[in-house]
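Dear colleague,

Please find below the structure I said I would pass on.

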Amino acid sequence: MVGQGTPATALLVKRGIAHRTHPYRVSPDAPNYGALVAVALGVAPERVFKSLVTAVDGALTVAVVPVTGELDLKALAAAVGGKRAVLADRAVAERATGYVRGGISPLGQRRRLPTVLDESALQLPTIYVSAGRRGLQLELAAADLVALTDARTAVLQSS
């Protein structure tokens, strides 16, 4: 499977967006999965972002936040003009994105969902997000992620 593209990598290639792929080995059932991915990649954990599928007032939305923090659901709801946000059911998230948990990418989803990126990403030279498969991360500029997903940015981490 390594070496095969994903819808996320295909989108980046098609659009000519500078990126790098980084394979890693971490058990998808490991506690603190995101932090272990950062260790496996040898990068600061605040540069590794997780994509969480949520439902804001019933509408699916993707929140992209550093693995070092927790998603503030109230902040996410406010960022998209909603009242209430909850994490989406795993099966719903997988069906909507076409990816499996631990490999959900904000890019190349089956159904393009509204996306909100934690604004801390804009302070970094590049960030890491799932490439659409467990064991593979994409490194790209946050501005490119924003442009490709039409993402809003907001403070999404709880203190």
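Is A40 buried, partly exposed or exposed? With a relative accessible area of 42%, A40 is partly exposed, where buried means under 20% relative accessible area, exposed over 50% and partly exposed in between, using a 1.4 Å probe and protein chains only. A40 lies in helix α2, residues 33-41, and, not counting residues up to four places away in sequence, it touches Y24, R25 and V26 (contact means heavy atoms within 4.5 Å).

Before going further, please note that this is a predicted model, in which local features need pLDDT of at least 70 and side-chain atom pairs count only at pLDDT 80 or more, while totals for chains, interfaces and linings use all residues. Residues are numbered from 1 along each chain as its sequence is written, and side-chain values use heavy atoms, with hydrogens and water left out.

As to the overall fold, the protein has five helices and eight strands, and from the N terminus on they run α-β-α-β-β-α-β-α-β-β-β-α-β; helices (H or I, at least four residues) and strands (E, at least two) are DSSP runs, numbered from the N terminus. The radius of gyration is 14 Å, close to the 15 Å that the globule rule gives for 159 residues, so the protein is as compact as a globular protein of that length (the radius is taken over C-alpha atoms, and the rule is 2.2 Å times the number of residues to the power 0.38). Buried residues make up 49% of the 159 residues.

Leaving aside neighbours within four places in sequence, L145 is in contact with V64, P106, L107, L117, I127, V129 and L140.

Helix α4 (residues 90-97) has A93, A96 and T97 buried. Seen down the axis of α4, these buried residues fall within an arc of 85°, so they line one face of the helix, the arc being that of the directions from the helix axis to the C-beta atoms. Their cover includes β2 (49-56) and β3 (59-66). After α4 comes G98, whose phi is positive, near 85°.
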